[in-house]
Amino acid sequence: MAQSKGTVVLAYSGGLDTSCILVWLKEQGYDVIAYLANIGQKEDFEAARKKALALGAKKVYIEDISREFVEQFIWPAVQANALYEDRYLLGTALARPCIARRLVEIAQREGAQHVAHGATGKGNDQVRFELSCYALCPKIKVVAPWRLPEFYQRFPGRRELMDYAKKHGIPVPVTPQTPWSMDENLMHISYEAGILENPKVIDHGCHGPGGVSCVRSLIGNFTAEPSVCVPVKVTNTGDGATRSSALELFVYLNDIAGKHGVGRIDIVENRFVGMKSRGIYETPAGTILYHAHLDIEAFTMDREVRKIKQGLSVKFSELVYNGFWHSPECEFLRECIGRSQEPVVGTVRLSVFKG
């Protein structure tokens, strides 16, 4: 047995990577507490709990933080009209600081010196998780297995992870591996990596020239307490249905907009770590609210204030994308943007039709 290294709280999803990481951390001598955040993804949470305990987790936290995700993270982004590089509505970037905040709170409650995550060494999420954790608890120690040579040299590919899972009795999904990485939350679903790294793989309804595969037939899971200026009610003028709470309103808009194909984009973006990345994002409710909010601001906001706020929105979007939600500068921007919203009150009527 390895010498005890203390307790670590693992941001756990129940998938192959974090399941293997849970067992690997135990091998290294850590007592592992698993934390799974419910932020609106489709998940069998009870099955995930049983799996984590069976793999040796000392304790499992599964918490529904969907409401605070909408009210404390999505609503400020709507206020800011936040778009990264003019197109991306920041669905994953907004979720990570929400999850990380609770990760740190659990670590502090449990007296854990460490937190861990399964983000790779290539993407943005490692930065978002770690900057949030260090901002909220500077003494915390982050264990990032995919950046540790003793981990990534042992597991250079998926086959090695599968072999490890088989050896340690880790249940592996029997469904075939999807040809890309997918991340889902209440705000959006994102698709990236795998075959999407070839820009010739196209996002429309037919096969491209030379047998180039398309992705439209394969994706499509969504589409087929601030005090001022947040959405307070949505009413369907067709059937009179009304939703007033933040969470119910957002879920309803996801359903309505998704049925009309609203909110899908196919983009190449610049990651914080220096590489370009192609992603397809489905953000139905966020897209409706973005346009509705722009309309209200056009009627109610002072011209010069609006010019200044547009610059703040660009900076806010970059900070959120790069993982700086829990930073003094981002907190300052949220205060400034919130102040700009005091006169932004009204009702918008939109037609949702063919995207």
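This is a predicted model: local features need pLDDT of at least 70, side-chain atom pairs count only at pLDDT 80 or more; totals for chains, interfaces and linings use all residues.
Local features require pLDDT of at least 70 and side-chain atom pairs pLDDT 80 or more, while totals for chains, interfaces and linings use all residues. Residues are numbered from 1 along each chain as its sequence is written, and side-chain values use heavy atoms, without hydrogens and water.

The chain contains 11 helices and 11 strands, taken as DSSP runs (helices H or I, at least four residues; strands E, at least two). Of its 355 residues, 50% are buried (buried is under 20% relative accessible area, exposed over 50%, partly exposed in between; 1.4 Å probe, protein chains only).

Helix α3 (residues 66-80) and helix α10 (residues 303-321) have axes that come within 9 Å and cross at roughly 140°. Their contact (heavy atoms within 4.5 Å) involves Pro76, Ala77, Gln79 and Ala80 of α3 with Lys309, Ser313 and Phe316 of α10.

There are 20 salt bridges in the structure, each defined by a side-chain nitrogen of Lys or Arg within 4 Å of a carboxyl oxygen of Asp or Glu. Three of them are tabulated below.

| Pair | Closest N to O distance |
|---|---|
| Arg101, Glu68 | 3.1 Å |
| Glu282, Arg264 | 3.4 Å |

Glu282 in strand β11 and Arg264 in strand β10 are 18 residues apart, and Glu282 is buried at 0% relative accessibility. Asp255 and Lys259 both belong to helix α8 (residues 246-259), four residues apart; Asp255 is partly exposed at 37%, whereas Lys259 is exposed at 54%.

Note on methods:
Axes are lines fitted to C-alpha atoms, for helices over the stretch in contact, and angles run from 0 to 180 degrees between N-to-C directions.
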